[in-house]
Amino acid sequence: MRYPKDGRFGEFGGRFIPETLVPAVEELEENYLKFKNDKEFKAELDYYLRVYAGRPTPLYYAKNLSEKLGGARIYLKREDLLHGGAHKINNTLGQALLAKKMRRKRIIAETGAGQHGVATAMACAALGMKAEVYMGSKDTIRQKLNVFRMNLLGAQVHPVGSGSRTLKDAINEAIRDWIANVETTYYLLGSAVGPHPYPVMVRDFQSVIGEEIRSQMRGIGRTPDIVIACVGGGSNAIGTFCPLVETDAEIIGVEAAGRGLESKKHSATLSAGSRGVLHGMMTYLLQDKDGQIAKTHSISAGLDYPGVGPEHSYLKDSRRVMYHAATDGDVVDAFLMLTRTEGIIPALESAHAVAWAIKVARRRRRSESVVVTLSGRGDKDVEEVQNYLNRNVKD
Amino acid sequence: MSRIEERFAELNQRDQRALIAYVMAGYPNEEATLATVRGQVRGGADIIELGFPFSDPLADGPAIQNAGTVSLRKGAKTGKFFNMVKRIREETEIPLVLMTYTNILYRRGFSEFIADAKRAGIDGCILPDMSIEESGGYLRAAKDHVDTIFLVSPNTSSARIKRIARASSGFLYLVAVFGTTGVKTGVKRYTLDAIKKVKRQTGGRIPVGIGFGVSTPQDVREYVKAGADAVIVGSAYLKIIEDTPERQLESRIYSFTKQLKKETVPD
């Protein structure tokens, strides 16, 4: 996989950060480059991924769903079966192990829905470190069970009351903490966003998803024709896509269209955004004409973010990956269809990818294959779906 | 010579250091900002730093965050801001420095934004999230139009200080503490060391201003004694604005500024 010089993916990415953080990101990059090819580090990470997180995850042929649609064969990459219930643990184990090698005792992280916070708390508990997690105060209410889970796991949760009180503000606050405690603290960022080297490092830790897809498809004598993943910050998607961009596969990222792209109540950064600088990177953003960051909406808290990983911006502009957006309504339909046909409850984030797969598979030949990354399980979302259904029956 | 350079040259002749006084534009409204600036100018401030709000100010502490949020809620817009700058410029020839975030300039286009800012009366820009590695387009757009004031930190290496100083004009902004704006930690040993280090690395080729958490006349005195060419006071002004009825605002700002300015003048 390509390591971007100067942290640039074309014109995207880079390092737009306060000067106080420069020595910290330089040290991080130096250590990451040193350890990523270190035999001992790799063996240790591999051990935790296998025995603790539960890798490799299965690639499941969704026979019932495929036959019901009558088109291409749909395969599900079951990241939802990982410890904690989402792909997030791939990255938190990697970074927590790196933090340990760097002898950082204090770990901070941000979280939106709470999945990355929980995965950070788990990795830190397993490796004997202390975690503090910033979470928007709107999200601590929406996802109070995840707050409790983090507390049980020994992490301290700091509610963030500034700005829109969601993920982007949690990132701002984590960065402010990092500036103040730069000499003692490791910032464990949860998506493929932020200043270099985070986007490339998170991509690399998540690329185990795409690598396994390749070898599992080869194992059944196939290559994927179409690959689909959901995109918020875009870590499960970049981990899925990166090992496959040099194959012939058609690659599709699915964003949250919320209540529709015209409604302005969405989080479809690549589909409807423009270039800008936020959280240390140049990338596509949802913003007004003055450059103020816009409010976002999605039924899935994990996609509710006005930016996107810079490598996705590059893959969009180079047209190697096509980005689309699925509405809340399509997503709930896909959630229900997968649950009923296969007995698998997907996270609402992942249901965006499923929604697009349903649309695509119908139009494709039976000989073709569609691989969908099921980035997380949906237990956390059943209440949200119930509320959505109640609202929409009443209307 | 730019207005900022001229101001430093004049102060040097009088053996004075510069007091740089901050205000968030439009907090809590345009008239209050104008009253604040009048108080600052009358009280002896040498340079005015005007904040323009950004929705996600990750280098700022609670005081400036809150002021920015209020200003945005009241409808702060880039175009309106330039009109406010023009109004200030009609009243005074004091150097005006804009502090905001990279995306505000990038969105309009560096060249277009800087041309508009200059036309309104802005003399320099401070962008706390603009690192030297990313500054090519910004520097090209600013050259011969506005001064580019970069920041250095107590943990910036000597080689990097030199590199940043070469890209800077007007003055070099030394961040006093590990933290965001407005943290009151008192004067730290490492900060005084940093002033000496930065002065040594720049060899007097560019003035060094110190800011972040500078809030009292005592702070100003100690930093001046340690060799700072300028001190920047920000969040402390916002606190006064917050606590003062509008009709007393200008006079309160005036007397606070006067106290601060006294510490930059030799006895």
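Here are some worked exercises on a predicted model with chains A and B.

Residues are numbered from 1 along each chain as its sequence is written, and chains are lettered from A in the order in which they are written. Local features need pLDDT of at least 70, side-chain atom pairs count only at pLDDT 80 or more, totals for chains, interfaces and linings use all residues, and side-chain values use heavy atoms, with hydrogens and water left out.

**Exercise 1. Work out how chain A and chain B meet.**

Step 1: start with contacts, meaning heavy atoms within 4.5 Å. On that basis, 37 residues of chain A are in contact with 35 residues of chain B.

Step 2: now the area. The size of an interface is often given as the accessible area lost when the parts come together. Here the two chains bury about 2,900 Å² between them, with 48% of it on carbon and sulfur atoms; buried area is what two parts lose on being put together, summed over both (1.4 Å probe).

Step 3: look for polar contacts across the interface. The rule gives 21 residue pairs, both at pLDDT 80 or more. A polar contact is a pair of N or O atoms within 3.5 Å; within protein, one must be able to donate a hydrogen and the other to accept it, and residues adjacent in sequence count only if both atoms are side-chain atoms.

Step 4: ask which elements of chain A supply the residues. H8(A) gives the most, with eight residues. Helices (H or I, at least four residues) and strands (E, at least two) are DSSP runs, numbered from the N terminus.

**Exercise 2. Find the salt bridges between chain A and chain B.**

Step 1: apply the rule, a side-chain nitrogen of Lys or Arg within 4 Å of a carboxyl oxygen of Asp or Glu. Between the two chains the count is four, while over all chains it comes to 47.

Step 2: pick out a pair. Glu19(A) and Arg160(B) meet in a salt bridge of 2.5 Å, N to O.

Step 3: follow the links. Glu19(A), Glu26(A), Glu133(B), Arg160(B) and Arg163(B) form a network of salt bridges.

**Exercise 3. Describe the surroundings of Asn172(A).**

Step 1: Asn172(A) sits in helix H8 (residues 167–180) of chain A.

Step 2: check accessibility. Asn172(A) has a relative accessible area of 2%, so it is buried; buried means under 20%, exposed over 50%, and partly exposed in between (1.4 Å probe, protein chains only).

Step 3: list the neighbours. Leaving out residues up to four places away in sequence, Asn172(A) touches His279(A), Asp56(B) and Leu58(B). The side chains of Asn172(A) and His279(A) are joined by a polar contact of 2.9 Å.

**Exercise 4. Compare Arg176(A) and Glu173(A), a salt-bridge pair.**

Step 1: get the distance. The closest N and O atoms are 2.7 Å apart.

Step 2: check the spacing. Both residues lie in helix H8 of chain A, three residues apart, about one turn of the helix. An α-helix has 3.6 residues a turn, so residues three or four places apart point the same way.

Step 3: check accessibility. Arg176(A) is buried at 6%, whereas Glu173(A) is partly exposed at 22%.
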